Amino acid sequence: MDTPQGLPPKKGPLDGITVLDFSRVLAGPYCTMVLADLGARVIKIERIATGDDTRAFGPFVDQESAYFMCFNRGKESIALDIKSPRDRDLLERMLSQADVLVENFRPGVMDRLGYGAERLARTHPHLVYASISGFGHTGPFSDLPGYDMVVQAMGGIMSLTGWPDAPPARVGTSFGDLSAALFAAVGIISSLYKRTRDAQGTRVDIAMLDCQAALMETALARYDVEGKVPTRTGDSHPSLAPFETFAGQDGRFVIAAGNDQLFMLMADALDSPQLALDLRFISNDLRCRNRPALVQAIEAITRTAPIAHWIDRLNAAGVPCAPINTIDRLFDHPQLQARNMIIQVEGAARRPIRTAGNPIKLSAFADIESATPLRAPALDEHRERILAELMSGTGDYAPAAGLTDEPQSQYASTLPKQATA
């Protein structure tokens, strides 16, 4: 069947997988964006008239939200009134032929709508049902609303972000939403693999707070071992030195010499081999204990020349280092360009904007074309095509491997006959 208008050809490992995306704003749409980038067909189920909340988020390009375009590229859109018997019948048909459902409502909302995980496990047992919420569907906080900043605060990351003498800080991107999205994608793909063996769907329950705890690196273990609460360390790593920013003649840059060998190479690159022989700095543990003196000694050297001079010397010596790029510098970064990481997306007005591409590079599949913009759908853009497929039985939908063509709900008996995969 032809590719839907405005969508790329599906050439990825998830080709043939259909995702019904009930989610909105960021965590869910980012998860389904990853699935779409990997070749899945993602059909976005939106509210009548308004659609995803982010359609109203700025900045705008010809009255279309750039925010929405970034995270809904390569998807289809259908607007449904869940209270309408006609649209409920349509949704039942779609559920019977889809592989994955993703939602990020508060616990209980999908149950009240009649599309909760327990009901669909009985009527559509092939479905992988993924829920993303602030606190998950179990536990004493499960009914509380969870937003990115709420879980950043509650999960500890804000207590570790910022400078020691400054207030706690939010991570500069929506770390709570994005981490939950990525864990959800892992859970979904794992469940699809399981389904190839037993033809049964799985419930994937992702809590943003859980994901924050999982990404605390060694902070939990450090407290358990040392009995000392980890706190903000500015731009330095608490367990490695030098692993922070340093002043050059024209600004600050990063040196990350994370072991003794790299420290010796760094000292040579700075034309100061005696640094590596200083008894205060001869091991990583001593460098961490004597960090203020170490920073002072390094900056006495780095302040004498521009950042570019030191970056060239350190790179030549194999010492990890970097300038501190502002966002505008990423668009023309030679490494990102070479990796096809700056792509274009557009809405119905066909005015492209640039955003980040797919970082998952697979040798067996072509990468997203950076020169050809990916489309983000207009609200309800694909309704007629989806209806035509459901009525004719000629759509891209396919039943899960190993499933029979027996009806799975009170509505499924009206569906066209499906062959067993």
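This is a short chat about a predicted protein model and its helix α10.

Q: Hi! What kind of model is this, and how are residues numbered?
A: It's a predicted model, where local features need pLDDT of at least 70, side-chain atom pairs count only at pLDDT 80 or more, and totals for chains, interfaces and linings use all residues. Residues are numbered from 1 along each chain as its sequence is written, and side-chain values use heavy atoms, with hydrogens and water left out.

Q: Let's switch to α10. Which residues are buried there?
A: L262, F263, M266, A267 and A269, in a helix that runs over residues 260-269.

Q: Why are they on the same side of α10?
A: Because they cover an arc of only 160° around the axis, with the arc taken from the directions from the helix axis to the C-beta atoms.

Q: What do they pack against?
A: The buried residues of α10 pack against β10 (251-256), α11 (284-289), α12 (291-302) and α13 (307-317); contact here means heavy atoms within 4.5 Å.

Q: Nice. What caps the N-terminal end of α10?
A: N259 does, with a side-chain oxygen 3.1 Å from the backbone nitrogen of Q261.

Q: And which residue follows α10?
A: That's D271, which has a positive phi, near 60°.

Technical notes
Buried means under 20% relative accessible area, exposed over 50%, partly exposed in between (1.4 Å probe, protein chains only). Helices (H or I, at least four residues) and strands (E, at least two) are DSSP runs, numbered from the N terminus. A polar contact is a pair of N or O atoms within 3.5 Å; within protein, one must be able to donate a hydrogen and the other to accept it, and residues adjacent in sequence count only if both atoms are side-chain atoms.
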